[in-house]
Amino acid sequence: MIIIRKSACARAGLLGNPSDGYNGRTISVIIRNFRAEVVLYEWDSLDIVPSANDRAHFRSIHDLARDVELHGYYGGIRLIKATIKRFLEYCQAQKLTLHDRNFSIRYQTNIPRQVGMAGSSAIIVATLRCLMEFYGVKIPLEAQPSFVLSIEMEKLGITAGLQDRVIQVYEGVVYMDFDPAMEHRVDGLKCYRYEPLPPALLPPMYVAYHDSLSEPTEVFHNDIRGRFNRGEPKVVDAMKHLAEITRQGREAILSRDYALLGKLMDDNFNVRRGIYNLAPWQVNMVEVARQCGASANFAGSGGAIIGTYQGEEMFAELGKCLGAIGSKVIKPQID
């Protein structure tokens, strides 16, 4: 029996914004501490097996309501179904003939949900990797992020950008430039400039997250895209500033200027704070981390932060102080 196991990891945005919608730049890192794993094996029919995240049993009506508040109405099955359908469409468009063997597929994930670590796209990326191996199909690496994005936006109606999908496909550390001048197409899919950076160049970093107070991504975004599209000067200028911060961040990483990198991460959060309506508990995480002497920036759409620190004593202080407000602190495994 053929058994295929593929995974995709969580991610954190180091600098920038989910900038593909704003012609900007961003730097992201993979977080190997958390991952979604998909297992596919040959079967006599095509079966999608529910996981623990596809809850249908609750202790009470209040338990169900709380689960919906934190995690929404859907688990991972819809993500897998949409990936399979989009994969078939891609193969048909490329005139690729698929064999007629069926499979059973299941997933599991330990990526904290609704904290901006890209748990949904991780399930899709891992599923895509299984399908490519099972059918012997190779989608160009550069095109895979846009393929994954098309699943979420076109099939599932999820508002999203390329940043998460790029880093989960490429892994490690990636600098992304979404300037329209960088746009090109591979297999009909839109691509930009994706530049992997050596993870060894990064300073010591921490990630903190507060999953008990998480909220859906769409709540966080506060119609920023609409305000940008309408030309609101404050938002347009902020996006330009974030793109410049990210450009400087790339240079800081390559030159190992960790003091500058930390300052840029702090500046990045300050810019975002100026245009988003942030929940007090999210701001509190950043402020507590900074009081410990560390830099701090949102790792995504609220609920998690990332920053640099100096020495084990400071890391221990981060764990103590952020733990006191209900946050968990880890050292991200990036390479």
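Me: What rules apply to the numbering and to the model?
Reply: Residues are numbered from 1 along each chain as its sequence is written. The model is predicted: local features need pLDDT of at least 70, side-chain atom pairs count only at pLDDT 80 or more, totals for chains, interfaces and linings use all residues, and side-chain values use heavy atoms, without hydrogens and water.

Me: What makes E10 and E11 a pair?
Reply: Two strands pair if DSSP finds at least two bridges between them. E10 and E11 (residues 304–308) have 2 bridges, in the antiparallel sense. They therefore count as paired. Asn 297 stands opposite Ile 306 in E11. Strands here are DSSP runs (E, at least two residues) and helices are runs of H or I (at least four), numbered from the N terminus.

Me: How do you know that E9 pairs with E11?
Reply: 5 bridges join these antiparallel strands, and the definition asks for at least two, so E9 and E11 pair. Ala 208 stands opposite Ile 305 in E11.

Me: Why are E10 and E12 called edge strands?
Reply: The open sheet of 4 strands has the order E10-E11-E9-E12, with antiparallel pairing. Strand E10 (297–298) and strand E12 (328–330) each have a single partner strand, so one side of each lacks a neighbour in the sheet.

Me: Why is E11 called mostly covered?
Reply: Buried means under 20% relative accessible area (exposed is over 50%, partly exposed in between; 1.4 Å probe, protein chains only). In E11, 5 of its 5 residues are buried. Both faces are covered: Ala 304, Ile 306 and Thr 308 lie on one side, Ile 305 and Gly 307 on the other.

Me: How are the axes of H10 and H11 placed?
Reply: They come within 9 Å and cross at roughly 150 degrees. Axes are lines fitted to C-alpha atoms, for helices over the stretch in contact, and angles run from 0 to 180 degrees between N-to-C directions.

Me: Which residues make the contact of H10 with H11?
Reply: Met 285, Val 288 and Ala 289 of H10 meet Leu 318, Cys 321 and Leu 322 of H11. Contact means heavy atoms within 4.5 Å.

Me: What makes this contact nonpolar?
Reply: Ala, Val, Leu, Ile, Met, Phe, Trp, Tyr, Cys and Pro count as nonpolar; Asp, Glu, Lys and Arg as charged; the others, Gly among them, as polar. The contact of H10 with H11 has 6 nonpolar residues, no polar and no charged.
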